[in-house]
Amino acid sequence: MPKAFFVDTSRCTACRGCQVACKEWKELPPNNTKQWGSHQNPPDLNAYNFKLVRFSEHLIDNVVRWYFFPDQCRHCLTPPCQATATDADAIIQDEATGAVIFTEKTKNEDFEAIRESCPYNIPRKDEKTGRIVKCDMCIDRVQAGMLPMCVKSCAMGAMHFGERDDILKKAEARLVQVKKEFPKAQLVDGDYVSVVFLVMDDPALYHDHAIACGPNQLTRQQWLAQLSRPLKAILQGRV
């Protein structure tokens, strides 16, 4: 059965436990960071940070409000990145879990094309290896019957993982509760991705790519990616 995440931002305190746990499990090297005017560090996703807790500060009605967003690959049900790749073995989707996995063969792909195909601006390039990288749903842990490391480390109960149908039910039930206090609360792109976020306000307040510009934009991206794949292969002399 396909798996899914549910990220409840109403319970996220931006402790960054998930971000650190991800790096530790993947044995990713540290980044050189500096003060750049935000508590968010590093400033963006990179080849050594597959998970990033985004901090967004807004002055609303003369009150400073913080919006926290644990950003990661959404593991789209129909991944535009996979459709964009010219080599069918470069980006694969695990049938059992739905995890979208970038293999070593991504180093032969056009990075900008792969990145532009993603409605959430997730893929990054490791300049040392040439590979394109991102979250892989901790597929090694999941296949061993364990939770993804980010979910395992979340002390506030903001992150959940399990069978997709069960997770969607949990998300819908939680949305009903949260809406009592935050009428603008909503679930983001739940019909199209395997990482469903509950946000308490307009998704744009959290992050520019919190939502794929609406479901129609996501399906348009997927359609364009599918259409362009044969053409790319022809241009590169692979068919």
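Me: Which residues form the nonpolar patch on the surface?
Reply: L59, V64 and W66 do. Together they have about 300 Å² of accessible area. Keep in mind that this is a predicted model.

Me: Where does W66 lie?
Reply: W66 is in strand β3, which covers residues 63-71.

Me: Is W66 buried, exposed or partly exposed?
Reply: W66 counts as partly exposed, because its relative accessibility is 34%. The buried class stops under 20%, and the exposed class begins over 50%.

Me: Which strand pairs with β3?
Reply: Strand β2, residues 52-60, pairs with β3. The sense is antiparallel, and there are 9 bridges.

Me: What about side chains along a strand in general?
Reply: In a regular strand they alternate between the two faces of the sheet.

Me: New topic. How many aromatic pairs does the structure hold?
Reply: It holds 7 aromatic pairs. One of them joins F69 and F197, with ring centres 4.2 Å apart.

Me: Why is that pair of F69 and F197 called stacked?
Reply: Their ring planes are at 20 degrees, so the pair is stacked. The cut-off for stacking is under 30 degrees.

Me: Are F69 and F197 buried or exposed?
Reply: F69 counts as buried, because its relative accessibility is 0%. F197 counts as buried too, at 1%.

Me: Which residues are in the cluster linked by ring pairs?
Reply: Y67, F69, F197 and Y206 are linked into a cluster.

Me: Which charged residues lie over a ring face?
Reply: K134 lies over the face of F102, at 5.0 Å from the ring centre. R141 lies over the face of W25, at 4.6 Å from the ring centre.

Me: OK, salt bridges. How many are there?
Reply: The structure holds 9 salt bridges. Among them is the one between R174 and D8, whose closest N and O atoms are 2.7 Å apart.

Me: Which parts of the chain does the R174 and D8 pair tie together?
Reply: R174 is in helix α6, residues 164-179, and D8 is in strand β1, residues 3-8. So the pair ties together parts that are 166 residues apart in sequence. R174 and D8 are both buried.

Me: Back to R54. What is its salt bridge partner?
Reply: R54 forms a salt bridge with D71, and the closest N and O atoms are 2.8 Å apart. R54 is in strand β2 and D71 in strand β3, 17 residues apart. Both residues are buried.

Me: Which salt bridge does R74 form?
Reply: R74 forms one with D71, the closest N and O atoms being 2.9 Å apart. R74 counts as buried, because its relative accessibility is 2%. D71 has a relative accessible area of 0%, so D71 is buried.

Me: Last topic. Is V176 buried or exposed?
Reply: V176 is exposed, because its relative accessible area is 53%. V176 lies in helix α6, where R174 also lies. The C-alpha atoms of V176 and Q186 are separated by 9.4 Å, and the two are 10 residues apart along the chain.

Me: And where is the place of D208?
Reply: D208 is in the loop between β10 and α7, the latter covering 215-235. D208 counts as exposed, because its relative accessibility is 67%.

Me: How far apart are D208 and Y120?
Reply: They are 88 residues apart in sequence. In space they are 8.6 Å apart, C-alpha to C-alpha.

Terms used
Residues are numbered from 1 along each chain as its sequence is written. This is a predicted model: local features need pLDDT of at least 70, side-chain atom pairs count only at pLDDT 80 or more; totals for chains, interfaces and linings use all residues. Side-chain values use heavy atoms; hydrogens and water are left out. Patches are made of residues with over 30% relative accessible area and no salt bridge: like charges are joined within 9 Å, nonpolar side chains (Val, Leu, Ile, Met, Phe, Trp, Tyr) within 5 Å. Accessible areas come from the Shrake-Rupley method with a 1.4 Å probe; for residues, only the protein chains shown count as cover. A salt bridge is a side-chain nitrogen of Lys or Arg within 4 Å of a carboxyl oxygen of Asp or Glu. Helices (H or I, at least four residues) and strands (E, at least two) are DSSP runs, numbered from the N terminus. Buried means under 20% relative accessible area, exposed over 50%, partly exposed in between (1.4 Å probe, protein chains only). Rings of Phe, Tyr and Trp (its six-membered ring) pair if their centres lie within 6.5 Å; planes under 30 degrees apart count as stacked, over 60 as edge-to-face and the rest as tilted. A charge sits over a ring if NZ of Lys or CZ of Arg is within 6 Å of the ring centre and within 35 degrees of the ring normal. Two strands pair if DSSP finds at least two bridges between them.
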